[in-house]
Amino acid sequence: MRAVEFQEYGGPEVLKVVDRDVPEPGRGQVSINVAYTGVNFADLKARAEGYRVDALPFRPGLEVSGRIRAVGADVEGLRPGQEVAALTDGGAYAEVAVTAAATVFPLPRGVSPRTGATLPTVLPTAHALVHEVGRLRAGETVLVQGAAGGIGTVAGQLAKAAGAGAVYGVVSDAAKARHALKYGYDEVFVGPDFAADVRRATGGRGVDLALDPVGGETFRRSMDALAVFGRLVSFGNASSAEPWQVGQPELYPWGRTVAGFSILALARTAPETLRALAGRAFRTVSEGSVELPVTAEFPLAEAGEAHRLLGSRKSTGKLLLRVG
């Protein structure tokens, strides 16, 4: 089978198409004939920095859609030929992927494999940020970093559907701002000095909930944008800054809260909780209350071009690799 791997860290050019044996599922696993693979920022960090890479060569990719090829021992409720979406622990840039059955989800009725490939990481993550971890209440205000990206696009819609009083986004340029405004945002701020914009928009109060995948200085400015009793949820470190630290001086005076979320960590520690979360999140798509636009699609052999586009910070929505 064809797969895309890298044998050294570097730019998109280190991604190479290789021929590999078709993998077989082990106990508690399934193999999937891949139709589409989602491209995520974690894939870029793996290629450039070794994020979550145990050894080289390494095959990136965290989510796929397609049909189950085979099931391993002790797998129940899944069968060969079934259309599914799946979260993988790497290895999705390939014609066949193997993953734990616990993170394989039958596609909801009416959801195509192309749409299905956008679901495994983005939908449960956005749902958790707004509901399970962020605990948004009707009438509260929300601030989302990366509002034009995959998770940002969904988080804006989920927050609006949950009755948020106002949903604010932060992006890096005006084109992204125009894109984000189509997906639940009341106002979108451009550039790093968003804290002052938030204070202006909220009459000096700040927001009740802030969602940050960037870390570093952006994390600190998001803290500054919180209202009294405000909550910040960190779900990434795209800036590759030193891990954030928050203590009594930042939290006590305003009664603020900081939480974190990683869907990959949840898949390892609480897969049944993830299944329940994914079920709730996927229903928002099948019911039509959330839309996740695919804005670019590349053949598997052009994975490097997908990485270049995502790494340029000019992309919006979701990027896919077309495999099957």
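What we are looking at is a predicted model, in which local features need a pLDDT of at least 70 and side-chain atom pairs count only at pLDDT 80 or more, while totals for chains, interfaces and linings use all residues. Residues are numbered from 1 along each chain as its sequence is written, and side-chain values use heavy atoms, with hydrogens and water left out.

Let me start with the sheet. Strand β8, residues 141-145, and strand β9, residues 166-171, pair in the parallel sense over five bridges, and within this pair Thr141 stands opposite Ala166 of β9. These two strands belong to an open sheet of six, which runs in the order β10-β9-β8-β11-β12-β13 with parallel pairing. Because β10 (187-190) and β13 (257-260) stand at the edges and each has a single partner strand, one side of each is left without a neighbour in the sheet. On average, neighbouring strands here are turned by 20° against each other, with direction ignored. As background, the strands of a sheet pair through backbone hydrogen bonds, either parallel or antiparallel.

For both, axes are lines fitted to C-alpha atoms, for helices over the stretch in contact, and angles run from 0 to 180 degrees between N-to-C directions. The axes of α3 and helix α10, residues 271-286, come within 8 Å and cross at roughly 95°. The two helices are therefore roughly perpendicular to each other, the word used for angles of 65 to 115 degrees, whereas under 35 counts as roughly parallel, over 145 as roughly antiparallel and the rest as oblique. Their contact, meaning heavy atoms within 4.5 Å, involves residues of α3 including Leu119, Leu123 and Glu132, and residues of α10 including Leu274, Arg280 and Phe282. The residues of this contact divide into 11 nonpolar, two polar and two charged, where Ala, Val, Leu, Ile, Met, Phe, Trp, Tyr, Cys and Pro count as nonpolar, Asp, Glu, Lys and Arg as charged, and the others, Gly among them, as polar.

The other crossing is between helix α1 (residues 41-49) and helix α11 (residues 303-311), whose axes come within 10 Å and cross at roughly 105°. That makes α1 roughly perpendicular to α11. Phe41, Asp43, Leu44 and Arg47 of α1 meet His307, Leu310 and Gly311 of α11, and by class these are three nonpolar, two polar and two charged residues.

Where is empty space left? Rolling a probe the size of a water molecule over the atoms shows this. On a 1 Å grid over the protein atoms alone, a cavity is a set of points where a 1.4 Å probe fits but cannot get out, a pocket is an open set with protein on both sides within 12 Å along at least five of seven lines, and lining residues have an atom within 4 Å of a point. Grid points are joined across faces, edges and corners, and a volume is the space filled by probe spheres set on the points.

The largest pocket has a volume of about 1,300 Å³. Its lining has 44 residues, of which Phe41, Ile151, Pro213, Phe235 and Ala238 lie nearest the centre. Among the elements that give two or more residues to this lining are α1, α3 and β9, and by class the lining has 22 nonpolar, 18 polar and four charged residues.

The whole structure holds one cavity of 30 Å³ or more, and the largest cavity has a volume of about 70 Å³. Its lining includes Ala42, Asp43, Arg52 and Phe58, and divides into six nonpolar, two polar and two charged residues.

Finally, some backbone details. Arg52, in the loop between α1 and β4, has a phi near 60°, a positive value in a residue other than glycine. Pro57 also has its place in the loop between α1 and β4 (63-71), and a cis peptide bond, with omega about -5°, joins Leu56 and Pro57.

Key:
Two strands pair if DSSP finds at least two bridges between them. Helices (H or I, at least four residues) and strands (E, at least two) are DSSP runs, numbered from the N terminus.
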